[in-house]
Amino acid sequence: MTVLDTASVTSLPEHAYYIPNFITADEEEHILKQMNSVPLPRWTQLSHRRLQTWPSALTKLNALLAAPLPEWLHDPIISPRLEQLGCFSDAPHKAPNHVLINEYCAGQGIMPHEDGPAYYPLVATVSLAAPIVLDLYEKKMGRESVGVGAGQEGMGPKYRVLQEPRSLLITTGSLYTQYLHGIAETLRDDKLTPESICNWDLLGDPQNYATGTYERKTRISLTYRDVLKVAKLGNSIKFLNRGK
Ligand SMILES: O=C(O)CCC(=O)C(=O)O
């Protein structure tokens with residue numbers, strides 16, 4: 001049995017994997033320090049969270065300009081940990097080439113959405129600093145109903161995943177293509193029980209949630225993906241000059 005087999009969240013549609021304590025507290029502190037020492041313009045301030053995009057945002061054609069990730073996002077998460085899991089071994093570039101850093105203060109979240117076709121359909125999310133609940137919504141078929149109602153009153157999520165600080169969550173397969181994911185804008189996550197949290201039996205410290213609730217604190221996520229289209233800068237310059 002592989003490490004991924006033991007990390008499978010079996011109550012979810014295929015596939016999700018959850019590994020608590022994927023990085024150490026020292027590694028978490030180092031990444032947070034690096035993240036906070038980048039120049040302020042590296043952050044994009046959105047209305048409900050702020051965001052860093054590494055190595056850069058995708059072009060209008062959903063391509064990534066080839067560039068290495070900074071070392072603090074590469075080691076130890078990609079090398080050696082994700083490499084050891086082998087989760088990107090079938091991806092076109094065999095490794096993630098893009099990382100989004102999302103920061104959510106208490107009360108902030110992200111609307112239910114899907115990540116779409118720009119990426120190989122696998123996301124590896126490392127959570128830092130505080131826990132948070134990720135909500136999963138079934139995507140309705142039919143253009144007019146995709147995403148509509150998700151997250152609205154009376155239309156609760158189909159599944160809930162509790163992400164502890166320093167944990168890894170991998171989503172892929174039909175969970176990537178058939179479901180939306182989002183994070184509620186709330187000051188407190190509650191109804192935390194083995195029945196409502198689908199990765200409860202994989203949590204590192206379930207006793208921290210024994211009261212069934214916790215007050216949100218600032219939580220950071222690092223989402224690792226493989227962007228399918230990669231443009232070499234030399235080729236892009238040739239392309240831009242073509243019209244001259
Ligand atoms: O912060 C998270 O865990 C989710 C982030 C997310 O949905 C995204 O980057 O598309």
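**View 1. Polar contacts between the ligand and side chains of the predicted model.** An oxygen atom of the ligand lies 3.2 Å from an N or O atom in the side chain of aspartate 115, a polar contact being a pair of N or O atoms within 3.5 Å, where within protein one atom must be able to donate a hydrogen and the other to accept it, and residues adjacent in sequence count only if both atoms are side-chain atoms. For an oxygen atom of the ligand and an N or O atom in the side chain of histidine 113 the distance is 2.8 Å, and for histidine 181 the corresponding value is 3.0 Å. Of the 300 Å² of accessible area that the ligand has on its own, the protein covers 94% (Shrake-Rupley method with a 1.4 Å probe; for residues, only the protein chains shown count as cover). This is a predicted model, in which local features need pLDDT of at least 70 and side-chain atom pairs count only at pLDDT 80 or more, while totals for chains, interfaces and linings use all residues. Residues are numbered from 1 along each chain as its sequence is written, and side-chain values use heavy atoms, with hydrogens and water left out.

**View 2. The shell around the ligand.** The ligand is surrounded by 14 residues, the closest being Tyr104, His113, His181, Arg219 and Ser221 (a residue is near a molecule if one of its heavy atoms lies within 4 Å of it). At least two residues of this shell are supplied by each of S5, strand S6 (110-113), strand S11 (179-183) and strand S14 (219-225), with the largest share, four residues, coming from S14; strands (E, at least two residues) and helices (H or I, at least four) are DSSP runs, numbered from the N terminus.

**View 3. Glutamate 103 in strand S5.** Glutamate 103, which lies in strand S5 (residues 98-104), counts as buried because its relative accessibility is 10% (buried means under 20% relative accessible area, with a 1.4 Å probe and protein chains only). Its side chain is joined to that of arginine 50 by a polar contact of 2.7 Å. Not counting residues up to four places away in sequence, glutamate 103 touches residues including Trp43, Arg50 and Arg219 (contact means heavy atoms within 4.5 Å).

**View 4. Glutamate 28 in helix H2.** Glutamate 28 lies in helix H2 (residues 25-36) and, at 8% relative accessibility, also counts as buried. The side chain of glutamate 28 reaches the backbone nitrogen of alanine 129 at 2.8 Å.

Technical notes. Buried < 20%, exposed > 50% of the residue type's maximum accessible area, 1.4 Å probe, protein only.
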